Amino acid sequence: MTITSAPSGQAARDSGLLRYRPEFPLLSATTYLNTCSLGALPARGRHKLDEFLDQWERLGASAWYSHWMDELAALRDDFGWLIGRPGSEVALAPNVSVALASVASAMGPLHSGEPTTAARLAEAWGFAVSPRPTARRPRVITTALDFPTVGHQWLARRSLGVELVVLPSPDGLTVPLADFEAAIDERTAAVATGHVYYTTGAVQDLAGLARICHRNGALLIADGYQASGLIPTDVAALDVDAYVSGTLKWLFGGPGNAFLWLRPEIRDALDPTTTGWFSSARQFAFDVEHLDLATDGRKFEMGTPAVPAAFIARGGMSLVREIGVEALHARTVDLGTLCIRLAEEAGVPVQAVRDPAWRAGIVAIAVADPAPVVAALASQGRIVDARPGIIRLSPAFYNTEEEVAAVIEAIVPLVNARE
Ligand SMILES: Cc1ncc(COP(=O)(O)O)c(C=O)c1O
């Protein structure tokens, strides 16, 4: 397969970025188009882990005070930088599920119709949370394209009267704003959905969705996992109420790190009902009788963080900060565009948003039974992944055009053999 023409601007966009390839040993061992599942480990992530181990070995518990608390604060700053907010507004979490669960834990009063929270939110926002402050808002809306944990938080609260509404996707790629608008009503507490769908890589119009939510007095909770490190994000401009994300994928930081940002007024108005001593305003007072929650983002933190994971993540974040999200986005989207073009030319059924302005890092290929195709590619050293009914290809800034072309070329006979 030949790469006949480069996407526009590509030469300018990739010059320089491929110099980072040697930082990723995995790239010399495989053709890795699976960053949407797990970003490759950069050398600086390993160095940061060594730094943690050295400190532990040399200093024992005093490393908490001399180094580790500062490292956690620096990770909050990194996450804040990603979304255009100060690190002090960020809560660290071990994964997005915990981050979402702590928000969900705080929303009980909204679901049950207890007036205090609704009234406080109405005051904080300057718009009505509910036309009737005691009205019950049992509903949360998500979509069929969202990551399961986003819906599961609310299904787990069914016994508390919470109802989950799952909007279908008419085209298998996105859910139109009009469908959200039709579904949101005065019984809706929140919309919880992805900034970028993990299934299709489609970018959601969060600003448009926030307007619809707020018109109806509902919160917008966004899962930014497939956006962070790829889509320049300013949560204040988007007007979202809660934003969660983590380091597994486009932040090259591995497992064990996620974060929650809440709009400060919402943070102040909501009290978590699951918590831990890292959320305490007086953490080192060791006061078992009183819970004074922190007044900043830490209000929604839990217990002892996975410090080694935080160190590794800071390695990935230093790379993202060095390159910049705009440059990462431009290069990634160009590779996605190439991927779509080559797959279409080869007659492979592509399931992806064609407009690069609304696509992040995933190009899906529809295959009824994807697992054997993914396994066959893996046996050739070509790493992609499968979700029900699709193969996900996710070239990142460190991939080359040749790698994309080689994977498409290898997929064609495998997909055709299964049709
Ligand atoms: C969109 C999205 N949300 C969430 C997750 C992961 O959630 P958690 O951090 O709870 O494992 C993933 C991938 O693993 C994802 O792609």
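Mentor: Start with a term: a polar contact is a pair of N or O atoms within 3.5 Å. Keep in mind that the model is predicted.

Now the site. A polar side-chain atom of Gln226 sits 3.1 Å from an oxygen atom of the ligand. That distance is within the 3.5 Å limit. Lys249 also uses its side chain: one of its N or O atoms is 3.0 Å from a ligand oxygen. Val96 works through its backbone instead, with a polar atom there 2.8 Å from an oxygen of the ligand. The ligand has 400 Å² of accessible area on its own, and the protein covers 86% of it.

Asn95, Val96 and Ser97 are around the ligand.

Step back to the domains. The assignment gives domain 1 as 10-32 + 325-418 and domain 2 as 55-319. Their C-alpha centres are 30 Å apart. Contact between them involves 25 residues of domain 1 and 23 residues of domain 2.

The nonpolar packing comes next. The largest core counts 61 residues. Phe24, Val240, Tyr243, Phe397 and Tyr398 have the most contacts inside this core. Its largest share, six residues, comes from helix 13 (residues 307-323). Domain 1 and domain 2 each supply at least three residues to this core. A second, separate core has 31 residues, including Ala118, Leu219, Val244 and Ala269.

Look at Val240 itself. Leaving out residues up to four places away in sequence, Val240 touches Leu206, Leu220, Ala222 and Val235, along with Trp261 and Arg263.

Then check the backbone. Most residues other than glycine have a negative phi. Asp239 has a positive one, near 70°. Asp239 is in the loop between helix 11 (235-238) and strand 7 (242-246). Its relative accessible area is 30%, so Asp239 is partly exposed. Phe252 also has a positive phi, near 55°. Phe252 lies in the loop between strand 7 and strand 8 (258-262). Phe252 counts as buried because its relative accessibility is 3%.

Asp78 is in helix 4 (residues 62-83). Asp78 counts as buried because its relative accessible area is 3%. Its side chain has a polar partner: Asp78 makes a polar contact of 3.0 Å with the side chain of Arg314. Beyond four places in sequence, Asp78 touches Arg314, Met317 and Arg321.

Gly87 is in the loop between helix 4 and strand 2 (90-93). Gly87 has a relative accessible area of 8%, so it is buried too. Again beyond four places in sequence, Gly87 touches Arg76, Asp77 and Gly80. From Gly87 to Ala73 is 14 residues along the sequence and 7.3 Å in space, C-alpha to C-alpha.

To recap the site: Gln226 and Lys249 reach ligand oxygens with side-chain atoms, and Val96 with a backbone atom.

Terms used. Residues numbered from 1 in each chain as written. Predicted model: local features only at pLDDT ≥ 70, side-chain atom pairs only at ≥ 80, totals over all residues. Heavy atoms only, no water. Core = buried A, V, L, I, M, F, W, Y, C linked by side-chain atoms within 4.5 Å. Buried < 20%, exposed > 50% of the residue type's maximum accessible area, 1.4 Å probe, protein only. Helix = DSSP H or I, 4+ residues; strand = E, 2+ residues; numbered from the N terminus. Domains from an automatic or database assignment. Contact = heavy atoms within 4.5 Å. Near = heavy atom within 4 Å. Polar contact = N/O pair within 3.5 Å; in protein donor to acceptor, adjacent residues only side chain to side chain. Areas by Shrake-Rupley, 256 points an atom, 1.4 Å probe, with all protein chains shown as cover.
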